[in-house]
Amino acid sequence: MKQNDSVWIGLMVGATIPVIGFWVIGNLFDFLTVQGIMDELTVSTMGRRQRTLALLAILCNMLAVQVLKRKRFDEIIRGILLVSFIYCGVWVYYFRSSLFL
């Protein structure tokens, strides 16, 4: 086992990366909207954009998993994946009305 290869570190990293990803991707969406590359938000598209933004933020964890997989930090990966599954469950629960019509 490598030094600093801990599930607890993975839990912290896995909980932090989607929050940062949500902020970065949200700012990118806003920038693209201001530049006219993306359409303005309407009431009908606001929910879909939030749903997409949240899912992309969760998927940011997979970038960390790929980097850590090459370096063989298996316990950190386990923690990140545990938090990712929890986030996915919360995502499905929060957006269940728009997913399951």
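Is R72 buried or exposed? R72 counts as exposed, at 55% relative accessibility. Here buried means under 20% relative accessible area, exposed means over 50%, and partly exposed lies in between, with a 1.4 Å probe and protein chains only.

This is a predicted model, in which local features need pLDDT of at least 70, side-chain atom pairs count only at pLDDT 80 or more, and totals for chains, interfaces and linings use all residues. Residues are numbered from 1 along each chain as its sequence is written, and side-chain values use heavy atoms, with hydrogens and water left out.

**Fold and overall form**

The chain has four helices and zero strands. Its pattern along the sequence reads α-α-α-α. The radius of gyration is 16 Å, well over the 13 Å that the globule rule gives for 101 residues, so the chain is more spread out than a compact globule. That radius is taken over C-alpha atoms, and the rule is 2.2 Å times the number of residues to the power 0.38. Helices (H or I, at least four residues) and strands (E, at least two) are DSSP runs, numbered from the N terminus. Along the principal axes, the C-alpha atoms fill a box of roughly 50 × 35 × 15 Å.

Buried residues account for 30% of the 101 residues. Contact means heavy atoms within 4.5 Å. Of the contacts between residues at least 6 apart in sequence, 73% join residues at least 24 apart.

N4 and R72 each have a positive phi in a residue other than glycine.

**The nonpolar core**

A nonpolar core is a set of buried Ala, Val, Leu, Ile, Met, Phe, Trp, Tyr and Cys residues joined through side-chain atoms within 4.5 Å. The largest one has seven residues: A64, V65, L68, F73, I76, I77 and I80. Both α2 and α3 supply at least two residues of this core. In soluble globular proteins, nonpolar side chains tend to be buried together.

What does I76 contact, leaving aside its neighbours within four places in sequence? The partners of I76 are N4, D5, S6, I9, G10 and L68.
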